[in-house]
Amino acid sequence: MNSILEVNGLDIKIPDRTLFKNLKFKIPPNALTCITGENGVGKSTLIKHLLQDLDHNYTVHTRFAINRDQVQYVPQLRNIDDEYPLCICDFVSLGFKHRILPWNSKAMNIKLAGILQDTKLTAIQNRALGRASGGEKQRAYLAQALCSDPELLILDEATASLDRTAKHFLLKLLKQIMQKRDLTVLFITHDPELIDAYADYELHLANQSATMTKKGAE
């Protein structure tokens, strides 16, 4: 199996215990891999450790086939309240890197329009993000991450606060975007229904180790 990320012999410790010992797994490209495990097993800690390794070009136990600029991490929580004034369009635009001018270039605006269309945000792009629903906010976070053309997208519990309809809408959209952009996704989740419906692989963390299982998603 080709891999966009390979982990071999990785130990991760925190002050009170060892989270993982001799961890081994590979993440296949252009697939949705769900990272699962009980609360406290260390799912988010593992991701943060891997990103730190990538930041420092550390490859003894982790090997990425891409560089840090090609990875986007979307955290579970954002400091966005009902009074957040920035409109969805402007918020998404913050994802553009290496912008010289304080406004978007013509090329950026063309790209932005395509991303808003892909994430079904065009009709509400001028709405204040603080006034958006939970599902709309998550799509805006996804759209912002897509502005940098990532090859690997990491979503940390993106559906945790959404209702069932919004969860499935987001995941169906994500699968479409993955196919269109040749995107690889790591999705931390506790939701077995979403795993069964959309995952290509499941990386289950337990007992300080990891087990990779191929799933049945198309």
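The model is predicted, with local features needing pLDDT of at least 70 and side-chain atom pairs counting only at pLDDT 80 or more, while totals for chains, interfaces and linings use all residues. Residues are numbered from 1 along each chain as its sequence is written, and side-chain values use heavy atoms, with hydrogens and water left out.

**Sheet and helix**

Helices (H or I, at least four residues) and strands (E, at least two) are DSSP runs numbered from the N terminus, and two strands pair if DSSP finds at least two bridges between them. Three strands make up an open, antiparallel sheet in the order β2-β1-β4, in which β2 and β4 are the edge strands, each pairing on one side only. From one strand to the next the twist averages 25°. Strand β1 is joined to β4 by three bridges, and Glu6 has Arg63 in β4 as its bridge partner. Helix α1 lies across β1, β2 and β4 and runs at about 115° to β1; axes are lines fitted to C-alpha atoms, for helices over the stretch in contact (heavy atoms within 4.5 Å), and angles run from 0 to 180 degrees between N-to-C directions.

| Element | Residues |
|---|---|
| β1 | residues 5-14 |
| β2 | residues 17-27 |
| β4 | residues 62-64 |
| α1 | residues 43-55 |

**Nonpolar cores**

A nonpolar core is a set of buried (under 20% relative accessible area, 1.4 Å probe, protein chains only) Ala, Val, Leu, Ile, Met, Phe, Trp, Tyr and Cys residues joined through side-chain atoms within 4.5 Å. The largest has 42 residues, and Leu153, Leu174, Val185 and Phe187 have the most contacts inside it. Apart from this core lies another, of 27 residues, including Val7, Leu50, Leu54 and Phe64.

Methods. Buried means under 20% relative accessible area, exposed over 50%, partly exposed in between (1.4 Å probe, protein chains only).
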